[in-house]
Amino acid sequence: MNIATTTGHVNVSMLGIGAYRPQRVVSNAEVCEVLDSSDEWIFERSGIRSRRWISGDETARSMAVAAGERAIKNSGIDREQIGAIILATGSWKTKIPHGGPVVALDLGINGIPAFDVASGCGGFGYGLGLATDMIRAGSAEYVLVVGVETMSVVMEPTDRNTAFIFGDGAGAVVVGPSEENGISPTVWGSDGENSDAISQNYDIPEYMDRAEAFQTKDPETEPVGRMVVEMQGTRVFRWAAITLPKALSSVIERSGVSKDDIEVFIPHQANARINTLMKANLGLADDVPVANDIETTGNTSAASIPLAIEEMLVTGKAKGGQTALLLGFGAGLSYAGQVVTLPPAPVEASF
């Protein structure tokens with residue numbers, strides 16, 4: 001008896017990109033109305049001048065769908081050709097149900113496999129790696145990868161470690177077969193020993209006594225807490241300084257291109273200082289542009305890399321067809337990187 005197998009396409013690329021940025025722009029000055037800090041301190045430490053936060057009827061769901069719609073339109077393929085959706089997010093409001101299926105429903109392609117990837121700020125890189133491998137294996141021909149976060153609702157406004165860093169937004173790419181390969185093998189990894197350097201303050205309980213669970217709680221004496229992200233910034237910075245240079249070198253080595261072939265550097269938008277340090281340590285040429293979407297968008301976790309790609313393409317800092325080095329990193333602690341050929345500049349952009 002021979003059990004069937006599948007084969008797919010060897011050459012895979014990002015065919016189109018889409019993004020959504022919330023309408024509300026939040027300056028450092030506004031953040032400091034609550035946070036004990038200053039515009040100068042925030043910019044010096046992070047490179048951030050402003051960020052976008054959701055308002056009105058904007059939600060993670062609406063942003064993911066808007067970014068996905070634009071990515072499909074900009075790719076030029078019919079939505080019916082999308083064979084799977086990978087949703088990278090750490091701030092979706094529920095784990096049950098996960099978000100992918102409702103994004104597929106809203107995009108008019110209900111019924112396809114749609115699942116979430118929770119890999120923190122490295123989530124888009126993980127999603128892109130999975131999508132590429134799925135297409136090469138024949139599991140799907142076209143995959144929509146969406147990174148979306150509403151970090152403004154999972155942070156404590158008075159926490160000097162996190163309150164000024166995070167923003168909201170969504171970015172998406174359509175991944176599919178191409179004449180020449182445009183996505184290298186993914187280099188990814190994690191460090192569970194330092195996993196608590198970025199964490200949440202409330203967990204799903206590992207165990208609960210059933211009798212106790214059904215007792216009536218008094219909301220005045222036992223208030224329900226709100227989950228927020230907590231981060232040990234110095235510890236994360238030290239981990240990044242040691243781990244990421246090695247990861248970047250491995251990405252280039254596995255890609256088959258040389259360091260001199262890299263035309264654009266698009267790291268996760270966590271901290272402008274970290275990104276500048278990574279470029280210097282890697283020895284990239286001075287004229288290689290580095291994404292700096294963090295200055296006006298903040299750290300949007302799993303959405304940051306596609307948002308940064310879109311910003312560079314729309315503003316002309318990068319061009320479709322150029323060779324770019326990507327690296328996402330964060331909670332886990334985990335990372336994922338690829339060398340890619342940038343998709344065409346979007347016809348329909350987020351700004």
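Trainee: Which strands does helix α5 (residues 123–137) lie across, and at what angle does the helix run to β13?

Mentor: Helix α5 lies across β8, β12 and β13 (334–341), and its angle to β13 is about 55°. Helices (H or I, at least four residues) and strands (E, at least two) are DSSP runs numbered from the N terminus. Angles run from 0 to 180 degrees between N-to-C directions, with axes fitted as lines to C-alpha atoms, for helices over the stretch in contact; contact means heavy atoms within 4.5 Å. This is a predicted model, in which local features need pLDDT of at least 70, side-chain atom pairs count only at pLDDT 80 or more, and totals for chains, interfaces and linings use all residues. Residues are numbered from 1 along each chain as its sequence is written, and side-chain values use heavy atoms, leaving out hydrogens and water.

Trainee: What makes β8 and β11 edge strands?

Mentor: The four strands of this open sheet follow the order β8-β13-β12-β11, with mixed pairing. β8 (187–190) and β11 (264–267) each pair on one side only, which puts them at the edges. From one strand to the next the twist averages 10°.

Trainee: What is the strand order of the open sheet of five strands?

Mentor: That order is β1-β7-β6-β4-β5, again with mixed pairing. Its edge strands are β1 (12–20) and β5 (114–117). Neighbouring strands are turned by 20° against each other on average, direction ignored. Helix α3 packs on this sheet and touches β1, β4, β6 and β7 (168–177), its direction making about 135° with that of β1. Helix α10 (residues 304–315) touches β1 and β7, at about 90° to the direction of β1.

Trainee: Why is the contact between D106 and R61 called a salt bridge?

Mentor: The term requires a side-chain nitrogen of Lys or Arg within 4 Å of a carboxyl oxygen of Asp or Glu. The closest N and O atoms of D106 and R61 are 2.7 Å apart, so the pair qualifies. D106 belongs to helix α4 (residues 100–106) and R61 to helix α3 (residues 60–75), so the pair ties together parts 45 residues apart in sequence. By this rule there are nine salt bridges. R21, D293 and E310 are linked in a network of them.

Trainee: And what makes E348 and R70 a salt bridge?

Mentor: Their N to O distance is 3.2 Å, which is within the 4 Å limit. E348 sits in the segment after β13 and R70 in helix α3, 278 residues apart.

Trainee: Why is R70 called buried?

Mentor: Buried means under 20% relative accessible area, exposed over 50%, and partly exposed in between (1.4 Å probe, protein chains only). R70 has 17%, so R70 is buried. E348 has 27% and is therefore partly exposed.

Key
Pairing = 2+ DSSP bridges.
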